[in-house]
Amino acid sequence: MIVNQSYDVFIIGGGPAGSIAGAKLVQAGYRVKLVEKMQFPRFVIGESLLPRCNDLLDEAGMLQSIERVSFQSKPGVAFQTEEDLEVINFEYNLGEKFNCSFQVKREVFDYELLLDAERKGVSVEFESEVIAFDPEATLVTVKTKLGDIEKYNVKKVIDASGYGRVLPKLLKLDKPSEQSVRKAIFCRTEGDLRPLVNEQDGYIFVDIHDDNQAWVWNIPFKEGVTSTGIVCEESYFKKFNMSEPEFFDYIIRTNPTTAKRYKKATKLNEVGFINGYSASVTKMFDTSFVIVGNATEFLDPIFSSGVTLALESGSKAADLMVKELKGEVVNWQVDYEDYMMVGVNVFREFVNAWYDGRLQSILFSKDKTDKVTRSIVSVLSGYVWNQENAFVAKPKKMVDIIYQLST
Ligand SMILES: Cc1cc2nc3c(=O)[nH]c(=O)nc-3n(C[C@H](O)[C@H](O)[C@H](O)COP(=O)(O)OP(=O)(O)OC[C@H]3O[C@@H](n4cnc5c(N)ncnc54)[C@H](O)[C@@H]3O)c2cc1C
């Protein structure tokens, strides 16, 4: 069998993490092969972005192609209970570069990014699947669309396979997540009565349901379509003894705010669901590979951090790989894994504080100082590496202190 040796880097998967890594590597002069299992456009969950995505896309020369699509702009987040509404405006931050983001249909967004990476020089192959990897020889085995087996011998491999978790599975690097087992049940709808904030559309609305036992996301797209999803622990779902579609209808009908919003709405597709979405890995790199995006650690959708972390890790991995391919020494532990975990751990603290109720107390408290509000907005905008933000430098300590003050 002929082994293809024409590429420097091989990327598994064409989601945001793979596309940004490929785009950065080819622009630095390296030859990149990217193999994607699906035909695009393809649906994937995760449609609400954070302003930090804009910095990363801009730096990779990819923001323009996204701006051309004219996605719904997202000025912030509205957290809602039956009695209360707390609006997070992204522009009220600690002086970060971007203060707005996008609500995106991922089949459109991901395809646009991948086409941009291809235009920049990445060799993209759809409907082909990575089925084996030899880390000693840096040898990737691919099953093509036609069923042929191809082998690629490269200098480095980037695993950006998202929920496919190709290298964690092949190399037994999977680690159970410390998060509780939760599930998400979702559907796209049309004709809902969209609440505006200061007469502006585009905010993601997060409805807190049944004393924080579940929450509902409402993501508005431009053409009057809304993505609606319910997240709760598996054990809560089971108490209802219903199928996922029945549960979806029941929660939307019985939650007072969603009942009002979706009174006249119709579903545009079948109700889908994902069980136990959180995942982790024992290590994120080795001499022959680096794992990026969702194939590493995925916590929870509550703060829409997934695509931000996918772009951040894909971008960081590509920058470090460029250095290494130039012959410089790279400390992957410090400069990649430890760096990524700073951001992940800030979100981890916020996710934990959301589910144990501390964050709701903080968010809905009317006594927050201006600095605290701006610091929280910066975190919720995805700026989780800014060490000048006390919630980034000491996430647990800050959340605990501000929670104590809010009660
Ligand atoms: C319920 C839920 C809601 C979410 N909501 C949000 C949100 O609002 N905002 C947000 O930012 N994030 C959200 N996320 C997270 C988001 O879905 C992911 O973080 C994001 O898609 C990760 O991007 P990625 O590039 O790492 O992987 P993906 O987007 O999953 O892309 C990976 C690609 O790899 C391909 N692949 C897999 N296996 C192989 C193989 N063997 N060979 C070749 N290719 C392969 C797949 O086909 C896929 O196209 C949510 C997640 C969940 C579970």
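Residues are numbered from 1 along each chain as its sequence is written. In this predicted model, local features need pLDDT of at least 70 and side-chain atom pairs count only at pLDDT 80 or more, while totals for chains, interfaces and linings use all residues.

The domain bounds come from an automatic or database domain assignment.

| Domain | Residues |
|---|---|
| Domain 1 | 3–73 + 103–176 + 278–342 |
| Domain 2 | 182–275 |
| Domain 3 | 349–406 |

Taken over C-alpha atoms, the centres of domain 2 and domain 3 are 26 Å apart. Six residues from domain 2 and five residues from domain 3 take part in the contact (heavy atoms within 4.5 Å). The two domains bury about 500 Å² between them, and carbon and sulfur atoms give 55% of this area; buried area is the accessible area (1.4 Å probe) that two parts lose on being put together, summed over both. On the side of domain 2, R182, I208 and N212 lose the most area to domain 3, together 76% of what that side buries.

Zero salt bridges are found across this interface (a side-chain nitrogen of Lys or Arg within 4 Å of a carboxyl oxygen of Asp or Glu).

Four cavities of 30 Å³ or more are present in the structure; a cavity is a set of points on a 1 Å grid over the protein atoms alone where a 1.4 Å probe fits but cannot get out. The largest cavity has a volume of about 60 Å³, the space filled by probe spheres set on the points. Its lining consists of L50, K74, V77, F79, I204, I302, F303, S304 and L380, where lining residues have an atom within 4 Å of a point.

Conventions. Heavy atoms only, no water. 1 Å grid on protein atoms, 1.4 Å probe; cavity = no way out; pocket = protein on both sides within 12 Å on 5 of 7 lines; lining within 4 Å.
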